[in-house]
Amino acid sequence: QFPNVQFALIPGNHDLLLRDSPGDVRGILPKNCHLLIDEGDEIAGLKVYGTPWVPVINHRWAFEGRSLVLRERFSHIPKGLDVLITHTPPFVRGHDFDVSLQGCGAPRHYGSLDLATAIRIAKPKISFFGHIHSGDHEPHRIWGTRCWNVSRVNEEYRIGYDPVIVEY
C-alpha cells in the first residue's frame, strides 16, 4: 500500500510467532519491510539496528531475558548507528520513560539498565522504543542520543498517542 516507504519492524514481547518462526514471517513481508531481530540494515540511507528483547516479565512472553541475556544481546548493537530501534526502553535514572506505570502501582521500572549501558557505549544518534505504552512520550537526550517512546497504544491496547515524526 505504501511502496515508496521503507518500514523497520521490530517484534516485542507479544510476538511469539516471530520468536519461534521468523523465517515464515520474512517470507511473506513486502520488500519494503525490514524485519530486524538483533540485526541491522541500511534503510533509506540510514544505518538502522533493531532488537526485540525486554527484561523478564513472567517467563511467558517472547524475547524476555535476564540481565546476562540482555547484556549479551545488546552488546551487538554497533557503533555509528543513525537509528536504534528496541522494544524495551533504556532505564536511566532521571529519565523515567515508564513513569506513568510507577503511578499505577507497578512494582518496578520496566526499562533496561543493560540497554542503557549499550546506548552509552554505541552512541546511536536516535533511539526509538515502545513496550511501556503509557509512559513518557517526550524525547529525552541520553549521552547524546535522542530517545523517544513511540508506542501508539495505551494500557488498554487502544490508539492513544499520535505517531512520532522525526526529521533527520
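Start with Asp82. Leaving aside neighbours within four places in sequence, Asp82 is in contact with Gly45, Leu46, Lys47, Lys125, Ile126 and Tyr168, where contact means heavy atoms within 4.5 Å. Before going on, a note on the source: this is a predicted model, in which local features need pLDDT of at least 70 and side-chain atom pairs count only at pLDDT 80 or more, while totals for chains, interfaces and linings use all residues. Residues are numbered from 1 along each chain as its sequence is written, and side-chain values use heavy atoms, with hydrogens and water left out.

Back to Asp82, which is found in the loop between H3 and S7. Helices (H or I, at least four residues) and strands (E, at least two) are DSSP runs, numbered from the N terminus. Is Asp82 buried or exposed? Asp82 is buried, because its relative accessible area is 10%; buried means under 20%, exposed over 50%, and partly exposed in between, with a 1.4 Å probe and protein chains only.

The side chain of Asp82 has two partners to mention. It reaches the backbone nitrogen of Lys47 at 2.8 Å, and it makes a polar contact with the side chain of Lys125 at 3.4 Å. A polar contact is a pair of N or O atoms within 3.5 Å; within protein, one must be able to donate a hydrogen and the other to accept it, and residues adjacent in sequence count only if both atoms are side-chain atoms.

Now the whole chain. It has five helices and ten strands. Of its 168 residues, 44% count as buried. Of the contacts with a separation of 6 or more, 56% are between residues 24 or more positions apart.

Next, helix H5, residues 113-122. Its buried residues are Asp114, Leu115, Ala116, Ala118, Ile119 and Ala122. What do they pack against? The partners are helix H3 (67-74) and strands S7 (83-86), S8 (126-129), S9 (140-142) and S10 (145-149). At the N-terminal end, Ser112 caps H5, with a side-chain oxygen 3.2 Å from the backbone nitrogen of Asp114. Just after H5, Lys123 takes a positive phi of about 55°.

A nonpolar core is a set of buried Ala, Val, Leu, Ile, Met, Phe, Trp, Tyr and Cys residues joined through side-chain atoms within 4.5 Å. Of the 17 residues in the largest one, Phe74, Ile77, Leu84 and Leu115 touch the most other members. H3 and H5 each supply at least two residues of this core, and the largest share, four residues, comes from H5. A second, separate core of nine residues includes Leu36, Val83, Ile85 and Phe128. As for Ile77, not counting residues up to four places away in sequence, it touches Tyr49, Leu84, Leu115, Ala118 and Ala122.

Then S10, where four of the five residues are buried. Four bridges join S8 to S10, and these strands run parallel; two strands pair if DSSP finds at least two bridges between them. S9 is joined to S10 by three bridges, and this pair runs antiparallel. Arg146 in S10 stands opposite Ile126 and is also the bridge partner of Arg141.

S9 and S10 form a hairpin with two residues between them, and Trp143 in the turn has a positive phi of about 50°. Most residues other than glycine have a negative phi. Trp143 is partly exposed, because its relative accessible area is 40%. Arg120 lies over the face of Trp143, at 5.9 Å from the ring centre; the criterion is NZ of Lys or CZ of Arg within 6 Å of the ring centre and within 35 degrees of the ring normal.

Last, the aromatic pairs, of which the structure holds two. Trp53 and Phe63 form an edge-to-face pair, 5.5 Å centre to centre with 90° between the planes. Rings of Phe, Tyr and Trp (its six-membered ring) pair if their centres lie within 6.5 Å; planes under 30 degrees apart count as stacked, over 60 as edge-to-face and the rest as tilted. Trp53 sits in the loop between strand S4 (46-51) and strand S5 (54-55), and Phe63 in the loop between S5 and strand S6 (64-65), ten residues apart. Both Trp53 and Phe63 are buried.
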